[in-house]
Structure formats: C-alpha cells, structure tokens
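Here is a colleague's note on the model shown next. Please read it with the structure open.

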Protein chains: 2
Amino acid sequence: MKFELNREFIDQLVELIAQKADAEIIQSISEFHAADIAEIMEELDSEEAQYLFLLLDGELASDVLIEIPENDRKRFLKALPPDVIAHRFIEFMESDDAADVMAELDEDVQDEVLQQMEDKEQAGDIADLLEYDEDTAGGIMATELVAVNENWTVQTCLKEISIQAEDIDEIYYVYVVDDNLVLRGVLSLKKLIMMPTHTPIKSLVTEGAHSVRTDASQEEVAQVMEKYDLVALPVVDQIGRLKGRITIDDVVDIIREEADKDYQMASGISGDVDEGDNVFRRAWTRIPWLFIGMCGGIVGAGVLGSHSSQLTQIPAMAFFIPLIAAMAGNVGVQSSSIIVQSLASGARSFDSIGRKLIKELSVGFSTALLFSILIFLYNFFFTGNMRLTYSVSITLFIVMIFASLFGTVIPLVLNKLKIDPAVATGPFITTTNDILGLIIYMTVAKMFFDVL
Amino acid sequence: MKFELNREFIDQLVELIAQKADAEIIQSISEFHAADIAEIMEELDSEEAQYLFLLLDGELASDVLIEIPENDRKRFLKALPPDVIAHRFIEFMESDDAADVMAELDEDVQDEVLQQMEDKEQAGDIADLLEYDEDTAGGIMATELVAVNENWTVQTCLKEISIQAEDIDEIYYVYVVDDNLVLRGVLSLKKLIMMPTHTPIKSLVTEGAHSVRTDASQEEVAQVMEKYDLVALPVVDQIGRLKGRITIDDVVDIIREEADKDYQMASGISGDVDEGDNVFRRAWTRIPWLFIGMCGGIVGAGVLGSHSSQLTQIPAMAFFIPLIAAMAGNVGVQSSSIIVQSLASGARSFDSIGRKLIKELSVGFSTALLFSILIFLYNFFFTGNMRLTYSVSITLFIVMIFASLFGTVIPLVLNKLKIDPAVATGPFITTTNDILGLIIYMTVAKMFFDVL
C-alpha cells in the first residue's frame, strides 16, 4: 500500500479537475490517506486544490484540513461561514485538532463556530482547550479518553469502555480515577482483557503513573514521553484531576519542529520556513542574521583600519586574516552547538557550569595546540618570515581558546537569562569570534613588531 | 511521581555505596524507572555505578542495561561470561533490544550467548534479527507481536491474544495473517473488544494497512510512521509475510538521533558526541572540519598573496576581507541548510531541481542586492574611496549570489551521488565560499584598478 507521488498522477488529476469529472476524481483518490491527499493538494494550484477539497466528504475532509499547511487552511476557512466550519469540519475532529484549528480563527469567528456546534459538550471541551497556552501540555492534549473508576470491576470497565470509546480513534491506555476524578493510575488495554472479568480494578492499577500538569511546557512533555517510552501521557490539573491525554504522534511533531527550529537557527535562519514559502518570506528570515554579519564585518574593518601600520609593515599579515577568522568562527560554532544541544535535550543538564566549561576548554586547548603547531610548521617552511610565523600561530592558539570559551559561555548565559540559547549559535557566534580574532591578531602582531 | 535528579540524592547514594548498605540502596531507588536509574548511574563514578547495577534484579537490571550509554554497556558486558549475559540479561529482553545489545558483542561471544540461552525460539529470533542491517526496518523491529488468522472469530482471537501476549509489554494492534502468514491487515485492540464475540475477523480487517519491508531504511520507517501517525508498524518480507513490528518509541529515538546528527554536522562536528565523552574523543570529532577550515585558510592566503599588488595599492582593501568572507559563509550556510532539511524530510522532494534552484537564486538575488546597496552607502559616506566603495559592493553582490548558488547546488549534487548532503553544510560550505569570495574580491578589485 505504498503511496508514491508522481508527476503523471498529478497531471492526470489536473486533467480530470479541468473536465470537472467529479466521479473519476473521487475514484482516483479513494484509496488514499488524508496525509496523502494533503500532499497531492500541495502539488496543485490553489483553485484546483480547493476544487478537489470540496469533493471530499465530512470525516475525510476534516482529516485533510488538519494535514494541509496552516496558511492554506486559514485562507480556505476565511471563505466559509461559521456554521459550515462547525458542521462540516470541527464536529468531525478530535478535540485537540479542533482546538488547534479554532485557534487559527479570529476570536469572533471562534465564538460563532462554538455557538453553532450541536454537541454542546464537545463545544465546551474545545472552549476549555482554547484557554491553555498552545505550547503547554494543556494546549496539546485531547479530552477524548477512557476513564474508569477504581472501584469498578474488569467487567464494568469493559462495558464502560465500549460506551466511552465510540468517539475515540484509538485507545492505548485506560485511565483510572477516584470518585473525585483524581488520576490514580493507568491500565493498559492488554492487561484488562487478560484478567478475569470479576477482578477489581484497584488491584490492577500500578501506582505512580507518569503524568504532567496542564501548564507543563511542550518540551517537558516530549522529554517525559521520550525518556519513559510512553505512547500516551495523562494530563492533570493542580489538584491531580484528569483533564486530558497527549498521544505520541503529536509529540513526534513537536520533536521534529524543535529540531528543525534549532537547525535553522544554527544556520542563520530565524523563524520557520518551508518549501511553500515565497521569495519575500524566505529572504526575510535570513536578513537579520546577514545584517548582524555585515555589521560584524564593518566593525572588523574598523579594527583592521586602526591597526593599519602592522598591515603596511608586513602586507602578508593580511593574507592570514581569512584563516584566523574562519578558525575562530568554526571553533565557536562547534563549542556552542554542543552546549545548546545538551541544554535542549534537558536530561543531563546536571553537570555544574564549571564542569562544562573545563571540558570544553580542555578540548579547546588541545585542538588549539594542534592547529597552531600545524600552521607554525606551514609558515616556517613556506613563508619564511619569522615575525609572521610567530604572530599567526600564537594568534591562532589564543583565538581558538577564546572562541571555545565564548562558544560555551554565551549559550549558558543566555539560558540563565531565559533566552533560547539556540540564537547564540551560527552567525551570532561566528560574528563575535571574527571580531575577537581580528583584535587578537592585530594585538599579537603589534607586540611582536615592538619586540623583534 | 516526578523524578528530579539532585545533588543531595546522589551524595547520599554515594555514601550508602561506600558503606555497602545494600538494603538501603535498594530501598532508595525502588520507586524509580529504569531510565531514571541509568541517569543516576551516569552521575556516579564507574565503580560505584557497577556496584549499584549488580544490586538490581533480573528484569530491572536488563531494562537498565538497555538505557545506559553504549560504551558503559560494552565495558560492563566484557567482564561477564556468556552464560551470565544470556541468563541474567538477554533472556529478559524483548527481541529488538536483545539483538541491539548482542550486536555490540564480539561474534564469538554472540555465538556462545545464543547457545547458552534456554528458550531456543527466542535465541532463534535474535539470531534472525542479527542478520539484518542495523539501519533497516529489519534491524529495528521486534519479533514479539500478536498475530491472528483471518479465518478466526473475535472469541478465538481474544483467547489466542491472552496466550501470545504473555511475553509482550504492550499491545496496540493485532496483526491479521492468512494461512501462509502473509499480512492481511491490522486490527486495533479497541475494535476487537467492542465487537460481538462471534464476529469473523475477516469482516473487521481494514485492507491496505501500512507496512514496510525488512530492507526499508530507518528514515523511511520514520517517515511512514510520522506521516500516518502510527504507533506500531508491521514489517514484512519480500513476499509479504509478517516478520515483526516496529514501535513508535524506537522511531522517536531515530528521529532524535538523525536530527542531532544533522545539527552536529552543520556545526562541524562529525560523529555522535555526548556529555559523557572524554576530551580526546570530543577533540577528535572536531579536528576534520577544523583541518578543512585551516586548509581553506591557507588557500585563501595563497589567493591574497597572488593578488598582493591590489592590497599594497589600497591597504584599506584588506579591511573588508573579513566582511566578504563572513557574508559568503553565512549565505552559503543558509542556502544549504534549507536544501538539506528539505531533502532530509523527504516528503516533498518533488519539486524539480530547477525549481529549487530558481527559488534559492531569487532569494540570493534579492538579499545580495539589499546588502550590496547597504555596504555601498556605508563606504560612500564613511570611507570616501570610490574604487574601494565600488569594489566592495560589487564583490558582495556577486559573492552572495554565488554563495547561494553553491549552497544550493552542492547538497543537491551530493544527494544525487548518494552522499549524505548534511556534510555539505557548516564548515565545508563556509570554507568553499570563503575562498570563492576572496577570488571574486581580488578579481573585481583588479578590474576596477585597471579601469579607474
């Protein structure tokens, strides 16, 4: 059942849409999953995509709506009246998806959609979910879950499950609560069906199930589920009452998103970019870092300008400027990325700052020593100017140690200040270290010129 | 039940270990999950960790063994005879974990462990799993699963499940096979328990379940599970026979690993590094890229050396070398990271190469225009040397366009050549673009000197 998007299929579909051959269109996509249809729609132009979308029926249409990119969804929903949004889409969705889609609408439209909904309980759940911050456990969780009372037996439970489970796609765990709806434990469906029907639930529950509070950050949610290999995680309020559950598929998306964000940040791209974005948006995400780079370059020019006597005395000094700058930049990026990653993974942020620094500095020291010897040998044999040879290798040594120091300290400081340390990687650290490298280079050169 | 590692707890534990107070030690960690104990062990020195580990009983000890870092596990198992490895650890593990741990042993030890195992079927499963490449679906999958025949009824199934499910931690889906063990479909446990017991299984199975072949790459596995929000994915052989299943927790680890690898690659760190690694290993992963950077710097020095007349005529030319190099590097990294990411995510690699290039070049062109105007204005007002002003801004324009061209083309070419395009980000692209930038700078300057 492998789905492989290919040009011929798209061309054929475009043809069918042009002919308005509705039956054939529906036939040709009938085997596909919502995620596949969303992918197909991205290959069509927006009118064709809309035409295709309107042919889909209730459940499938709302599944596809969840899968398409946010901008397309917004544009599409903007054209529809609130009652259509409610009856054709929101009512078919699980509460977490419904809340996510609703959050993208204007507030007055939200209110109208909620009022139009026929299932008042569902509308109430969505309204509750909309109250939570979107980056918290409350903002990610769904309210559809199967909860059973700890005083029931297996038999009562199984009966109750088949009632409660009507609305839920999949059940992985059953949540056990007390009379006050406080979470007491978790029961796997497997355990339940393997037990004699008269067994009291209380005796089956393992105490100490993992749970998070509604205000836990999405990073914390991801860390807990990853560490303990959980498929679903219950969410509770301040006094421990069960409010919802988070499933692993949403967490996979969060992990992917966070990783992409850090990667782009390290590459000097701010904000999320994807294939569909236009040239202006793409350029916009890069300009801030390029601007920082340019300002750094201008400062660097200033540094060199104020030390121009060294450059006039030995013009060959200038030749090694790119080398010093590049090495400073590379070392800085290496050090900072290791720190940023260890901060992001969260788990073992237990090492004292002192220990982290010492480790990084030892690495900095050993690589600095190695490369300053290498460049010394190169210059000694190939350029023959001793002042230059000494200046470049001593500079490289100092610069590499400073660069690894900066690369380590800056993310740690930002983290303390509650700023995302990922901003400190990439162009930021490269620029800082470029300037630093030039200052050290010129200062060392001056010292040698004064002495030798 | 929130686990928070703190210094006092570790100090107390170290104290207890020193006193060999076994009962208290076991008591103090009795509430913890295997993943927590592994984390605690990382905070102890290796003898303390070993002491703690030996106090754990069978099931828990093998769970912890799976969670600790590979190097620690190898060191620990090296000291044990094959029969202890078999009876105390491997026999308690699920087949996928057992095969992963076994793969880390020498081949003759593997053979002995397998022979020592009492459950011959389990030993056979592990031996089979060891045949697969570790990066493929076969290498990740576990053989523990519940398979039922399509000709059975719900009742027979439920009975069979309680027999088959003894060895399995969790069941999310039941796999339906025909008489030849060919996968026919998937059934959720929920659906099964909600149906009347005499219902034939055949009528419940949805056709076209997602599956992968044993030789599918781990990236493909991750993509399929992510896209279709699957919790478990069946793995089949060439003729469709059910061989195993992959669960989402293993895929989460793969996604995290891949993201970390790409991030480190972009930061100029080859190979996986984590907090526990020593200074030598840490330095080793950075040296290749630093070496490339240094060679680039030396080539750069050569380029400048062969154009020294321009630098002697206008020494201020040298001041802008860092700016040109930095901008070239930044633009290159930005372009390449976008391409690498879109290649890695796999899903929408449908855009033709031409379209990707045009998009990137448009972004390159617009940012190049913006920044060359900015630097023109800066130099015009603050330096006043017109030859310098023209040279720098024209160079910047050309360099930025070339850098985005290179940043786009190199990863695409590497990808065509089946080389991981991630190697092209970070230091590699920075170094290439540095040199390119200097050549363009010196060439443009020469043209202006000849003309003006």
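1. Basis. This is a predicted model: local features need pLDDT of at least 70, side-chain atom pairs count only at pLDDT 80 or more, and totals for chains, interfaces and linings use all residues. Residues are numbered from 1 along each chain as its sequence is written, while chains are lettered from A and ligands numbered from 1 in the order in which they are written.

2. Overall form of chain A. The radius of gyration is 30 Å, whereas a compact globule of 452 residues would have one near 22 Å. That radius is taken over C-alpha atoms, and the globule rule is 2.2 Å times the number of residues to the power 0.38. Along the principal axes, the C-alpha atoms fill a box of roughly 90 × 65 × 45 Å. Chain A has 22 helices and six strands. These are DSSP runs numbered from the N terminus (helices: H or I, at least four residues; strands: E, at least two).

3. Domains. Chain A is assigned domain 1 (7-139), domain 2 (147-256) and domain 3 (279-451). The bounds come from an automatic or database domain assignment. Between domain 1 and domain 2 of chain A, the C-alpha centres lie 29 Å apart. Seven residues of domain 1 of chain A are in contact with twelve of domain 2 of chain A (contact: C-beta atoms, placed from the backbone, within 7 Å). The domain 1 side of chain A has two nonpolar, two polar and three charged residues. Here Ala, Val, Leu, Ile, Met, Phe, Trp, Tyr, Cys and Pro count as nonpolar, Asp, Glu, Lys and Arg as charged, and the others, Gly among them, as polar.

4. Sheet 1-2-3. In chain A, three strands form an open sheet in the order 1-2-3, with mixed pairing. Strands pair if DSSP finds at least two bridges between them. Strand 1 (147-149) and strand 3 (183-188) of chain A are the edges; each has a single partner strand, so one side of each lacks a neighbour in the sheet. The twist averages 35° from one strand to the next. Angles run from 0 to 180 degrees between N-to-C directions; axes are lines fitted to C-alpha atoms, for helices over the stretch in contact. Strand 1 and strand 2 (residues 173-177) of chain A pair in the parallel sense over three bridges. A:Ala147 stands opposite A:Tyr175.

5. Sheet 4-5-6. This open sheet of chain A also has mixed pairing. Strand 4 (212-213) and strand 6 (242-247) of chain A pair on one side only. Strand 5 (residues 232-236) and strand 6 of chain A are antiparallel over five bridges. A:Ala232 has A:Thr247 as its bridge partner. Helix 15 of chain A packs on the sheet and touches strand 5 and strand 6 of chain A, at about 60° to the direction of strand 6.

6. Helix 15 pair. Which way do helix 15 of chain A and helix 15 of chain B run, roughly parallel or antiparallel? Helix 15 (residues 248-266) of chain A and its counterpart (residues 248-266) in chain B pack at about 5°, with axes 10 Å apart. They are therefore roughly parallel (angles under 35 degrees). Contact residues include A:Ile248, A:Val252, B:Ile248 and B:Val252.

7. Chain contact. Chain B gives 101 residues and chain A gives 100. Helix 16 (residues 279-305) of chain B supplies the largest share of the chain B side, 16 residues. That side divides into 55 nonpolar, 26 polar and 20 charged residues.

How values were computed: Contact = placed C-beta atoms within 7 Å. Parallel < 35°, antiparallel > 145°, perpendicular 65-115°, else oblique.
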